[in-house]
Amino acid sequence: MDGSYHEEDNPRAKSTFAAVLINEVKYRDFDMRLFDLKKHFWKVQNPYDLELKGRKLMNDRALIMPKNRDFISQFIALCKEVGAVVFAVVQDGIFPLASESDRLPNLYRALMRRVNMFMEAKFPNDQAVFFFDGIDHQTNRKVAICFNNFMFRHWWGQSYHNIIPTPFFCDSLVSPGIQMADVLAYCVNQRYGGRRGYLEELFQQFRELTYNHEVPDENFTLWGVQRIPAEEKLPLPSEAEILTIQEIEVQKAAETGGPERPATPRVK
């Protein structure tokens with residue numbers, strides 16, 4: 001996951017948070033082939049000699065160069081070949097980071113909602129692991145606490161059974177997944193901010209990689225790439241989901257014990 005935003009003095013400021021899902025068994029292949037692309041286009045000797053940044057690859061001046069456009073197109077084609085799925089949510093104004101908030105900001109929640117729905121539909125027996133671009137120990141800890149609180153204390157966080165409740169942090173310099181999320185977030189943010197031209201074609205290529213969750217009976221679609229209000233409203237959990245959450249809480253109490261009764265040993 002990674003984000004992109006306009007400067008505060010921009011009256012049309014937009015903020016974007018993006019996620020890239022890559023199956024664990026294909027990640028190594030993606031990493032190696034992306035390094036091959038970097039070597040072919042930029043003559044680098046090591047994967048970390050070039051960190052992909054959207055603001056460097058896709059600014060107005062950079063996209064005038066056919067070489068840059070060709071590289072990004074091949075980069076997106078590689079993502080498609082390894083089955084990567086992308087999500088991005090956009091809102092007006094500047095969004096608070098999790099490290100600057102007492103609760104998990106809306107853009108994080110909206111992105112997690114889409115990831116969990118995709119996992120439920122396509123990989124119901126697996127769980128997604130979230131990786132963030134690490135900053136420093138204190139900041140990472142604040143983000144982790146907000147993330148963890150949402151997963152354990154919010155109705156919908158508790159219902160997201162296909163997401164590991166603990167986030168991980170890595171250095172974007174050596175993480176192609178984070179680099180891809182950065183490029184995607186910048187592209188989507190610029191496009192919703194009003195840029196077109198060469199950027200539009202690349203945006204459409206990225207959007208082909210997303211997953212839209214559709215419920216035909218309810219005439220409902222949750223778009224994988226979407227502009228959302230400042231506070232995207234989550235539907236209330238169904239009675240079945242509420243019951244499941246309550247059962248989980250009862251089970252936790254039984255396992256950990258409490259002031260009224262001792263813990264029940266976990267059945268192996």
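Mentor: What follows is a walk through the sheet, then a helix pair, then the salt bridges.

Keep in mind throughout that this is a predicted model.

Start with the overall layout. Four strands form an open sheet, and their order is S1-S2-S3-S8. The pairing is mixed. S1 and S8 are the edge strands, each pairing on one side only. Ignoring direction, neighbouring strands of this sheet are turned by 15 degrees against each other on average.

Now take the strands in that order. S1 covers residues 2-5 and pairs with S2 in the antiparallel sense, over four bridges. One point to find on screen is Asp2, whose bridge partner in S2 is Ala18.

S2 covers residues 14-21, and eight of its eight residues are buried. Look at its two faces separately. On one side sit Lys14, Thr16, Ala18 and Val20, and all are buried.

Next comes S3, residues 85-92. S2 and S3 run antiparallel and are joined by eight bridges. Lys14 has Asp92 as its bridge partner in S3. Ser15 stands opposite Gln91 in S3. Further along, Ala19 stands opposite Phe87 in S3. S3 is largely enclosed by the rest of the structure, because seven of its eight residues are buried.

The sheet ends at S8, residues 225-227. S3 and S8 run parallel, joined by three bridges. Here Ala88 stands opposite Val225 in S8. So the mixed pairing can be read strand by strand: S1 with S2 is antiparallel, S2 with S3 is antiparallel, and S3 with S8 is parallel.

Lys14, Asp92 and Arg227 are linked in a network of salt bridges. Asp92 is its bridge partner in S3.

Now step off the sheet to a helix pair. Two packed helices are described by the angle between their axes and the distance between the axes. H4 covers residues 66-81 and H9 covers residues 198-207. Their axes come within 10 Å and cross at roughly 10 degrees. Angles under 35 degrees count as roughly parallel, and H4 and H9 are therefore roughly parallel to each other. From H4, the contact is made by Arg69, Ile72, Ser73, Phe75 and Ile76. From H9, Tyr198, Leu202, Gln205 and Phe206 take part. By class, the contact of H4 with H9 has six nonpolar, two polar and one charged residues.

Finish with the salt bridges. The count comes to 10.

Glu81 forms a salt bridge with Arg33, with the closest N and O atoms 2.1 Å apart. This pair links distant parts of the chain: Glu81 is in helix H4, Arg33 is in helix H1 (residues 24-42), and they are 48 residues apart. Glu81 is exposed, with a relative accessible area of 53%. Arg33 is partly exposed, at 31%.

Lys39 and Asp36 make a local pair. Their side chains meet in a salt bridge, 3.5 Å from N to O. Both lie in helix H1, three residues apart, about one turn of the helix. Lys39 counts as partly exposed at 34% relative accessibility. Asp36 is partly exposed too, with a relative accessible area of 40%.

Lys53 forms a salt bridge with Asp182, the closest N and O atoms being 3.8 Å apart. This is another pair that links distant parts of the chain. Lys53 is in the loop between H1 and helix H2 (54-57), while Asp182 is in helix H8 (residues 176-192), 129 residues away. Lys53 is buried, with a relative accessible area of 18%. Asp182 counts as buried at 12% relative accessibility.

How values were computed. Residues numbered from 1 in each chain as written. Predicted model: local features only at pLDDT ≥ 70, side-chain atom pairs only at ≥ 80, totals over all residues. Heavy atoms only, no water. Buried < 20%, exposed > 50% of the residue type's maximum accessible area, 1.4 Å probe, protein only. Helix = DSSP H or I, 4+ residues; strand = E, 2+ residues; numbered from the N terminus. Pairing = 2+ DSSP bridges. Axes fitted to C-alpha atoms, helices over the stretch in contact; angles between N-to-C directions. Parallel < 35°, antiparallel > 145°, perpendicular 65-115°, else oblique. Contact = heavy atoms within 4.5 Å. Nonpolar A, V, L, I, M, F, W, Y, C, P; charged D, E, K, R; others polar. Salt bridge = Lys/Arg side-chain N within 4 Å of Asp/Glu carboxyl O.
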